[in-house]
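Let's take a friendly walk through the charged pairs of this protein, with the structure open beside the text.

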Amino acid sequence: MTENIPPPTGETASLISPNQLPPPIVEPIADAVVMPVGPEAGIGCGVFRPDGSFCDLSRTRLSRSRFSAIPDHPGTTTRERLTGNYLFAGIGRHHFGHFIMETLSRLWALDGRQDRFDGLILLPMYQIDFGAVLRRRLLSFLRLMGCNMPLHLVRTPMTVDTLYLPAQGFGHMQWATGTGEFRSYVRDRIDRNCPAIGPEKIYVSRSKLKYSHQRVDQEARIEALMKSAGYAIFHPQRHSIRAQCQIYRAAHTIVGGDGSAFHLAPFAMQSETRVGLIQRRTRQDAVESMANQIKAFAPVDLVRLNPIKESATAANKDSAAPISFESLKEQLEAAHLI
């Protein structure tokens with residue numbers, strides 16, 4: 001992997017576009033000034049060069065067209081100094097789906113370079129105990145991805161001896177397909193560390209999630225239907241991330257409603273896996289990007305199922321929409337998934 005250094009500030013802005021992923025480049029910065037996430041609504045944070053110019057590559061894509069804001073430079077205020085060489089990993093997100101889409105997206109730069117770094121730098125969301133979330137659940141995922149090094153959670157402005165700043169290799173919407181470097185790195189780590197263990201057919205259920213709007217409409221009926229067709233009902237949040245990857249690797253057929261599980265599953269799905277993606281929300285663009293991610297990460301047989309009633313409103317595009325159970329059953333049968 002070739003290390004490229006972008007031109008000075010201003011010119012790198014063209015590399016950050018919602019329409020396409022930035023190129024797989026890494027910018028080494030001596031005496032980098034790292035700014036944490038502040039209380040402002042725009043989630044301002046990122047990296048400044050020693051000449052005071054802001055590194056646009058340090059911005060994180062947060063949604064369709066929203067990126068983390070450019071923070072104010074801290075000026076000449078006294079800052080802690082971190083000695084050594086560090087990899088910038090961007091914002092530390094505690095929500096699982098956002099963690100996958102935003103926090104993992106720069107780890108491709110570890111490939112073959114782990115010995116070069118003294119640690120990883122993360123910027124936790126403001127007033128979130130990200131350290132507790134890491135210890136409880138997400139740290140094991142970072143270790144699985146090859147991040148076997150100290151993690152530095154930056155909460156106050158800091159100067160770093162040498163910071164390696166990679167572009168995001170993966171992200172929301174048009175970025176969900178990932179760069180070749182990101183796809184290869186993630187799949188290699190999971191293939192190496194997660195032997196396939198689990199049933200051949202799984203239905204990825206959302207019925208045990210905390211809030212009703214997170215689930216699929218009539219999911220108890222769907223579970224009964226899938227169970228009668230020989231599917232194991234799988235609740236991913238009840239398993240470790242490693243176990244989830246093992247189960248996704250073992251399954252020959254995976255069916256479930258759109259959501260965070262289908263951001264992780266493509267990292268582990270094997271070639272020719274049959275995938276039935278049930279649209280549970282009226283948010284068409286999010287489902288489209290999820291389908292694109294699934295197809296980009298492995299040559300699977302993807303079937304999109306849309307049982308949402310025509311009368312469904314788009315008042316809250318992220319909430320479960322009412323579905324026609326009979327329509328879903330017919331679509332599953334037509335696709336030979338049941």
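Asp191 is partly exposed, with a relative accessible area of 35%; here partly exposed covers values between buried, under 20% relative accessible area, and exposed, over 50% (1.4 Å probe, protein chains only). This is a predicted model, in which local features need pLDDT of at least 70 and side-chain atom pairs count only at pLDDT 80 or more, while totals for chains, interfaces and linings use all residues. Residues are numbered from 1 along each chain as its sequence is written, and side-chain values use heavy atoms, leaving out hydrogens and water.

What does Asp191 pair with? Asp191 forms a salt bridge with Arg249, and their closest N and O atoms are 3.3 Å apart. A salt bridge here is a side-chain nitrogen of Lys or Arg within 4 Å of a carboxyl oxygen of Asp or Glu. Because Asp191 sits in helix α3 (residues 180-193) and Arg249 in helix α5 (residues 241-250), the pair ties together parts that are 58 residues apart in sequence. Helices are DSSP runs of H or I with at least four residues, numbered from the N terminus. Arg249, at 16% relative accessibility, counts as buried.

Now turn to another pair: Glu102 and Arg93 form a salt bridge whose closest N and O atoms are 2.7 Å apart. Both Glu102 and Arg93 are buried.

Arg283 and Asp285 also form a salt bridge, with 3.4 Å between the closest N and O atoms. Arg283 is partly exposed at 21% relative accessible area, and Asp285 is partly exposed at 25%. Elsewhere, salt bridges that share partners join Asp31, Arg81 and Asp161 into one network. The count of salt bridges comes to 11.

Technical notes: Helix = DSSP H or I, 4+ residues; strand = E, 2+ residues; numbered from the N terminus.
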